[in-house]
Amino acid sequence: MNNWLLKLKKATYNTSFMYNLRMIIAFAGTAFVPYFMGQQLMTIPLTLGVVAAGLSDIDDRFSVRIMNLVYTYIGFFVTAASVSLLFPYPVLFAIGLIVSCIGWILLGSLGRRYATISYGCLVVSVYSMLGVHLFDQWYIQPSLLVIGAIWYGLISTISFLLFPVRQVQDKLSQCFSSLGNFLFSKSNLFDVDMTATSYQDSMINLSMENGKLISIFNDMRVTLLTRLKGDRGQRDTRRSLQYYFVAQDIHERADSAHIDYQKLAKIFEHSDILFRFQRILSMQAKACNDLSDSILHRTTYQHNQRFEHAFKNLRYSLDKLKSEGKYDLIWVNALFSLYQNLKSIDAQLRNLETERHITLEQSKHIENQLKDDDLKGWDDIVIRIKQHLTPESVLFRHAIRVSIVLFFGYVFVQLTNIQYGYWILLTALFVSQPNFNATKRRLRLRIIGTLGGIILGYAILFFVPSVEGQLLLLIISGVLFFDLRSKQYAQATAFITIMALINFNLDGLGFEAALPRMIDTVIGCALAWLGVTFIFPDWRFRRLPRTIQRSLEAQCAYLENVVSQYHQGRNNSLDYRIIRRAANNTDADVASLISTLATEPDFDPSQKTLAFEFLCLNHTFLSYIAALGAHREKIEDQEVLNLLDQALDDIRGALLKDEMPDLTAHNMLQTIRTRLSQSEDRDSKSLIILQQLSLMFSILKQLSNLKQNLSHARDDQSTELASL
């Protein structure tokens with residue numbers, strides 16, 4: 001008996017299992033309750049209501065969750081009722097379609113919860129078009145859609161009450177899992193066989209992993225913030241907050257760079273030192289993944305005892321290098337700084353699970369604050385919406401593009417009277433994404449998934465003629481759609497197609513609907529492709545210079561804050577965290593933009609090479625700042641402080657104003673190098689600062705030149721924008 005209870009407890013820790021169980025209950029209710037009532041046609045809107053509600057579900061604290069559900073139900077009913085009432089009047093319907101589409105998408109500018117609800121309302125609007133003929137009275141379909149949504153909301157809320165911290169812990173687990181991937185990527189920079197090409201590939205991969213990690217950190221911050229607002233001293237929430245801060249601190253230390261890795265590989269290619277650093281980074285990556293599993297399965301993290309032996313041998317190798325005197329002291333000191341950084345990461349991981357550490361860190365100090373980005377009132381709402389009423393806004397372009405695509409889809413359906421034509425609109429809505437590359441990828445996956453779903457759906461309708469069997473398969477298809485929608489889009493599309501065919505078969509039209517579904521999918525994909533290609537084409541507005549400038553401005557602000565802390569003392573205040581997050585966010589934006597631009601039709605191959613060079617250098621420069629930030633502490637050496645201040649001015653001038661440092665800066669760099677070569681300088685903090693400044697200035701000119709070259713090459717976009 002105890003064995004079964006233990007297995008049941010472990011099953012509740014499996015997020016995927018619990019989520020699928022929730023969806024099974026939701027779809028079982030919408031499938032079999034109408035069946036037992038003898039109202040099988042009701043299954044269609046009830047099931048679609050569950051799907052729309054599932055797509056609109058968002059994690060939040062209990063009070064806000066209830067409010068979100070109310071907003072969602074009102075939005076669903078108003079949207080569905082508007083479709084039913086305006087459907088007989090094509091002109092009014094077309095106007096309403098454009099206005100509502102733009103309005104719902106722009107509502108997303110108010111925040112994540114509003115974006116999610118508005119997307120659900122858009123989905124409901126097209127679902128309502130598909131089922132407008134099912135019932136005579138206008139209010140029946142909207143009511144059933146909302147009832148389906150309420151049924152899902154009830155199950156979702158019960159699940160939340162049973163496991164209130166589940167979502168927080170899942171996201172926290174993702175943080176450390178992504179952090180582990182980042183550390184694995186970082187360890188590739190210590191490859192002794194590194195070439196120029198492999199170095200660039202490793203840096204690009206590291207930048208991409210950094211972008212993914214920053215995105216997860218941002219989601220985690222929002223989740224924690226909303227929970228902490230309603231927190232009443234819950235230990236799990238406070239504990240999760242500390243884990244989040246530890247993950248951020250590890251990231252800053254792991255992202256820091258104390259050395260030029262390409263030169264490092266050449267200088268120490270016949271030494272064991274690089275292998276030892278690479279091994280420890282790999283072990284720390286594994287430790288982060290182990291910690292992720294511990295959080296996910298609610299077990300105690302056990303720190304690997306081999307770390308002690310690995311660090312002991314690394315320290316022995318470093319001491320041996322220093323005593324031999326074969327290598328430049330600058331490089332040896334940089335390796336010692338890196339060693340200290342890895343030791344600090346090890347200390348964070350080793351002490352994370354100790355009760356003393358958790359208790360001490362749970363004090364309500366200013367360091368434990370998070371920036372609140374929620375709406376502050378009507379003025380804030382107006383400001384946020386106004387900010388997006390311009391073609392420069394990705395959201396505005398997406399709103400106009402989708403509304404025009406849906407309008408032309410509707411006109412096409414009206415003119416051709418094509419069978420089940422509103423699937424065209426549904427396909428166009430699901431496929432259309434804010435950027436060209438994402439839309440193009442979804443087009444292919446949507447067509448493949450639909451074709452696979454039709455083939456399987458035909459087989460199901462033929463070999464499983466009973467209503468009961470088809471309802472069971474409807475439930476399975478719905479569950480698999482939700483389980484796969486964020487992992488395997490083609491497979492998810494196949495299962496939602498099967499569900500659609502079974503739904504239509506309840507109306508006696510299953511076999512007839514299969515071929516039109518395929519044709520409509522192809523037409524909808526074609527409309528989406530035309531929209532993203534010709535309506536506010538994304539690459540015209542993705543001005544690389546503007547994104548680069550924002551990133552460099554954020555990095556200079558980050559450096560300025562770090563420099564001030566060397567004057568005043570270490571401070572993990574909210575302001576520091578915000579500035580550091582902004583620098584990492586903009587760096588991730590550069591990585592995302594360049595990787596996307598490289599796949600778009602008008603990107604010059606020569607500019608692509610320059611862009612990836614800039615991507616590597618930009619992240620390298622941020623890593624040099626992060627190393628300064630990781631070691632920030634008040635110092636008394638006035639000469640070093642003066643050098644820091646002068647360096648900040650020169651870096652700002654070079655990166656923001658395209659002014660290369662003058663003779664004073666050149667002399668300063670010579671001073672830095674002289675100080676670094678002096679073995680009698682025992683101030684390790686000063687040595688770290690001098691080393692990092694030397695590294696920054698070594699790539700400053702190249703970084704500035706790349707920025708200017710990319711800016712000049714993309715100047716013609718301003719002319720294109722003005723001509724639109």
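Modeller: Three helices each supply at least two residues of the lining of the second largest cavity: H9 (196–229), H10 (235–255) and H25 (574–597). Keep in mind that this is a predicted model. H25 gives the most to this lining, with 4 residues. The residues that line the second largest cavity are Ile214, Phe217, Gln248, His251, Arg580, Arg581, Asn584 and Asn585. By class, they divide into 2 nonpolar, 4 polar and 2 charged. Two domains meet this lining with at least three residues each: domain 2 (165–372) and domain 4 (540–711). The space inside the second largest cavity is about 80 Å³.

Now the wider count. The model holds 7 cavities of 30 Å³ or more. The largest cavity has about 120 Å³ of space. It is lined by 13 residues, and the closest to its centre are Ser56, Asp57, Ile58, Leu69 and Thr72. Helix H4 (62–86) and helix H7 (140–162) each supply at least two residues of that lining. H4 holds the largest share, 5 residues. By class, the lining of the largest cavity has 7 nonpolar, 4 polar and 2 charged residues.

Thr116 ties in with this region. Thr116 sits in helix H6, residues 112–130. Leaving aside neighbours within four places in sequence, Thr116 is in contact with Leu55, Ser56, Asp57 and Ile58. Ser56, Asp57 and Ile58 are among the residues closest to the centre of the largest cavity. Thr72 is another of those residues. The C-alpha atoms of Thr116 and Thr72 are separated by 9.3 Å, with the two residues 44 apart along the chain. Thr116 has a relative accessible area of 18%, so it counts as buried. The cut-off for buried is under 20%.

Asn289 lies in H12, residues 273–297. Its relative accessibility is 18%, so Asn289 also counts as buried. Beyond its neighbours within four places in sequence, Asn289 is in contact with Phe176, Ser177, Gly180 and Phe184. Arg298 is in the loop between H12 and helix H13 (306–324). Arg298 is not a glycine, yet its phi is positive, about 55°. Arg298 counts as partly exposed because its relative accessibility is 24%.

Asn417 is another residue to check for backbone geometry. Asn417 has a positive phi of about 55° although it is not a glycine. Its place is in the loop between helix H17 (394–416) and helix H18 (422–431). At 67% relative accessibility, Asn417 counts as exposed.

Last, the chain as a whole. There are 30 helices and 0 strands. The chain has 724 residues, and 56% of them count as buried. Take the contacts between residues at least 6 apart in sequence: 82% of them join residues at least 24 apart. The accessible surface comes to about 31400 Å², and 59% of it belongs to carbon and sulfur atoms.

Back to your cavity. The picture is a space of about 80 Å³. Its lining draws on H9, H10 and H25, with at least three residues from each of domain 2 and domain 4.

Methods. Residues are numbered from 1 along each chain as its sequence is written. This is a predicted model: local features need pLDDT of at least 70, side-chain atom pairs count only at pLDDT 80 or more; totals for chains, interfaces and linings use all residues. Side-chain values use heavy atoms; hydrogens and water are left out. On a 1 Å grid over the protein atoms alone, a cavity is a set of points where a 1.4 Å probe fits but cannot get out, and a pocket is an open set with protein on both sides within 12 Å along at least five of seven lines; lining residues have an atom within 4 Å of a point. Grid points are joined across faces, edges and corners, and a volume is the space filled by probe spheres set on the points. Ala, Val, Leu, Ile, Met, Phe, Trp, Tyr, Cys and Pro count as nonpolar, Asp, Glu, Lys and Arg as charged, and the others, Gly among them, as polar. Domain bounds come from an automatic or database domain assignment. Buried means under 20% relative accessible area, exposed over 50%, partly exposed in between (1.4 Å probe, protein chains only). Contact means heavy atoms within 4.5 Å. Accessible areas come from the Shrake-Rupley method with a 1.4 Å probe; for residues, only the protein chains shown count as cover.
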